[in-house]
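Here's a quick briefing to read alongside the structure.

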Amino acid sequence: MKKSIFFGFLLCVLVGVLHATQKADKFDLSADNVSASGDIVTARGNAFLFYGDIYMVANKIIYNKQTRQAYLEGGAKIYQGDVVYLDVEQVDVNMDNKHTQMSNVYLQSGVGMWFMAKQSEGQDGKYHFKNGVISGCDIQYPLWHMNVSSGTYNTDKEYMSVWNPRFYLGAVPVFYLPYFVAPTGNKRKSGLLTPTMSLSNKQGFMYMQPLFIAPYDRWDMTIAPQIRTQRGAGGDLEFRFADRDNKVAILQTRYFQNTDEYTTLYNLKNKYIYGGTFKYDTQGIFARNNDNITDGFFADITYMNDLEYMRLRSLNAAFNTRLYESRVNYFLNSNKHYFGTYFKYYLDLSKVDNSQTFQALPQLHYHHYTDSLFFRNLLYTFDFQSKHITRPSGYGYFQNTMSLPIGLALPILNDYISLGANIDAYATSVSLQDYQGLTDALKQPLGKNINYSVSSYNVSINSDIARPYKHFFHSLHFEALFSGALYKYTSEAVNDDRYEAYNELINQGLPQEALAVIWNPSDIVDVVKNKHKVDLKFSQYFYGKNGKELFYWRMYQRLFMQDSFLNSSQVLRNELGFSPLDGLNFSGSVFYSYIRKTISEASVNASFNKWGLDSNLTYYFKLDPLYLSSGLYSPQGNTGFARGTLGYDFGYFRLNTNVGYDVGLGYLKDWYVTISKDIRCFGVALKFAQDIRPTLTADNQITPIKNQYVKIEFRFVPLANTGFTYRFKE
């Protein structure tokens, strides 16, 4: 039976220490067998020593009361918390200054990094060693390791610094560094991050070296200079700040200077590329600790002078969107009320400048949620929006819009059917700015103020039916909504003859450039509000016993009673989904126009993810709305794409493929093939890829450039990831 001795004579030791300025640490020693001879205490068999926040175990512990020296031998282990971080054959520990001398050392961090050395010494959590081995893999057969001439391991600050590390994959040397520093814990620390390198026939040797600076818990920053030997140089600065709720705000700026030769060779619009980004998302700004009210703020603001600004964030970044939206939103929400204010700024990089791009600065929104009026079944909602749409060149406008539907909802036939009826009072007022010279389709000049109001009726009938069966659950929904105008008032600029005249220009096939300078009544006001129409909806769902969706089918059709032009653009929407087997999913949609007798939009998606296989096939097709409404079915009006992905783990390696094809223009958009292997602490991947990168040229045209490259990446877990990319000429 294990004996536990709390030494009486250790009280003398503690008293002797207490006279010092430092408070004595807790001390305990126990073993299966403990003996004492003078100042020497010997503990054998499951020996245990507790001192301060560290406890040690060994086959044998010898403690000297006079010198306060402890000697451990035979499978000695030292713990801090629940982690074994030191495993030695022999160790001498001075209890006063905690200086240790060890032989056959094994030391492990909390994240799995370890080192081994023949001899080591340390004090206050800092260990120095020579001729060591470092890895994060299994100790017997490490897939990767470093041989180092010397090093320091700091357990308090959680980092390791070594000299002359030689990296090995198995027994094969890979590369050498004169000096290397790596974190051994999860706490943020200042230092160099893993560099990225790439080689391109177009841009030369590319190198990016991030520097991470984290002086405080609340904020940190990253400085990432980069050089591209045949293109130029620049860098990033990213600042991050955490608020009291740990919501992170990000402020980033980037600058890059192309060489004169590169700018001329590729006819680039901008020699200097620059911009900035601010992102922040938080809640509980003013309405904090309130169960009835919540509020929030969202900001995503970016300014850039070139498409390349986004691509230069890394050596292999992709960005293909010419129109970029920046937003600043704030909302205040309660059980009955919602208030929001939105700022939207659009950056169109395909234009010479953004002087004619509409901006929403700002937009205000108030909404009163559905509520009872006088009695339970009489319901109403209220919505108000105010917009300021502006631009430096061309007309802008102020617009105020309100909607007030009031109606009844009556369940009948034991709630199998529900009837609804409401009257919606809708009104909008527009005040044009800088509108001089703007004419409508009848070549009539516009006035400054445009008013539009309509009182419309809405009558609905719907039914929701659900029934459980032995092996599945079935639900069915049907709804028909009839609506139209009871009364309307319109200014001349948005009345029916102006609206029909503009539609006639579309039917005549007038070019889009010519239409852009003519007033379109539908741009600002919702003319659909005063049209008599019916909306038909149908849906049904089947669910399995475990609640999994097995099948769904949704249909929607809108019909206009008196407007043939709007009716010609309406489609029958069909959406279906099917999951016959675990891991196998099909879904698709078809939008069919009875008037045009053609499919205007279609999509198909199929995926199978099981038995180590990950696969997906997507097809999408859409007729351009301008061509569809005019009846001109030119191939140039079609947009669409097809994409397929396939991944499978063969055991020896994993294969991932991805290919995208532009259906409308008929060209291969992008593809890649990746061969990778992950074995616990080590991973390697080889990627072959091609994509199309739009580039902004000096004549303000978006010119596509084919980009082909091969990339190899190494993952040393938990140390770092590194890789190398080689780009081919177009």
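Which ring has Lys 202 over its face, and at what distance from the ring centre? It's Tyr 266, with Lys 202 sitting 4.6 Å from the ring centre. Keep in mind that this is a predicted model. The rest of the tour covers rings, the disulfide, the nonpolar cores and a few strands.

**Charges over rings and aromatic pairs**

- Arg 254 is placed over the face of Tyr 309, and here the distance to the ring centre is 4.4 Å.
- Tyr 106 has 15% relative accessibility, so it counts as buried. Trp 114 is at 3%, so it goes down as buried too.
- There's also an aromatic cluster made up of Trp 144, Phe 167, Phe 175, Phe 180, Phe 682, Phe 714 and Phe 716.

**The disulfide**

- The structure has one disulfide, and the partners are Cys 137 and Cys 681 with an S to S distance of 1.7 Å.
- Cys 137 sits in the loop between strand 9 and strand 10 (144–154), while Cys 681 sits in the loop between strand 40 (667–679) and strand 41 (682–696), so the link ties together parts 544 residues apart in sequence.
- The torsion about the S-S bond is 100°, which goes with a right-handed link between Cys 137 and Cys 681.
- Cys 137 and Cys 681 are both buried.
- As a reminder, a disulfide is a covalent bond between the sulfur atoms of two cysteines.

**Nonpolar cores**

- The largest nonpolar core takes in 46 residues. Leu 72, Phe 115, Ile 134, Trp 144 and Leu 719 have the most contacts inside it.
- Ile 134 is worth a click: leaving aside neighbours within four places in sequence, its contacts include Met 113, Trp 114, Phe 115, Phe 129 and Trp 144. The list for Ile 134 also has His 145, Met 146, Val 148, Met 160 and Val 162.
- A second, separate core has 32 residues, with Tyr 426, Tyr 435, Ile 450 and Val 454 among them.
- For background, nonpolar side chains in soluble globular proteins tend to be buried together.

**Strands 7, 8 and 9**

- Strand 7 (residues 100–108) pairs with strand 8 in the antiparallel sense, using eight bridges. Within this stretch, Gln 101 is opposite Glu 121 of strand 8.
- On to strand 9 (residues 126–135): seven bridges join it to strand 8, again antiparallel. Ser 120 is opposite Phe 129 of strand 9.
- Strand 8 and strand 9 make a hairpin with two residues between them, and Asp 124 in the turn has a positive phi of about 55°.
- Is Lys 118 buried or exposed? Lys 118 belongs to strand 8 (residues 114–123), and it counts as exposed because its relative accessibility is 61%.
- Lys 118 and Ser 103 are 15 residues apart along the chain, yet their C-alpha atoms are separated by 5.4 Å.
- Setting aside neighbours within four places in sequence, Lys 118 contacts Met 102, Ser 103, Asn 104 and Val 105.

- Strand 26 (residues 359–373) and strand 27 (residues 375–390) run antiparallel, with 11 bridges between them. Leu 364 has Ser 386 in strand 27 as its bridge partner.
- The hairpin of strand 26 and strand 27 has one residue between the strands, and Phe 374 takes a positive phi near 75° there.
- Strand 27 also pairs with strand 28 (residues 396–412), antiparallel and over 10 bridges. Lys 387 is bridged to Gln 399 in strand 28.
- The hairpin of strand 27 and strand 28 has five residues between the strands, with Gly 394 in the turn at a positive phi of about 100°.

**Tyr 452**

- Tyr 452 is part of strand 30 (residues 449–468), and at 1% relative accessibility it counts as buried.
- Not counting residues up to four places away in sequence, Tyr 452 touches a set that includes Tyr 426, Thr 428, Tyr 489, Val 525, Asp 526 and Lys 529.
- Tyr 452 and Thr 401 are 51 residues apart in sequence, and their C-alpha atoms are 9.4 Å apart in space.

Terms used
Residues are numbered from 1 along each chain as its sequence is written. This is a predicted model: local features need pLDDT of at least 70, side-chain atom pairs count only at pLDDT 80 or more; totals for chains, interfaces and linings use all residues. Side-chain values use heavy atoms; hydrogens and water are left out. Helices (H or I, at least four residues) and strands (E, at least two) are DSSP runs, numbered from the N terminus. Buried means under 20% relative accessible area, exposed over 50%, partly exposed in between (1.4 Å probe, protein chains only). Contact means heavy atoms within 4.5 Å. Two strands pair if DSSP finds at least two bridges between them. Rings of Phe, Tyr and Trp (its six-membered ring) pair if their centres lie within 6.5 Å; planes under 30 degrees apart count as stacked, over 60 as edge-to-face and the rest as tilted. A charge sits over a ring if NZ of Lys or CZ of Arg is within 6 Å of the ring centre and within 35 degrees of the ring normal. A disulfide is a pair of cysteine sulfur atoms within 2.5 Å. A nonpolar core is a set of buried Ala, Val, Leu, Ile, Met, Phe, Trp, Tyr and Cys residues joined through side-chain atoms within 4.5 Å.
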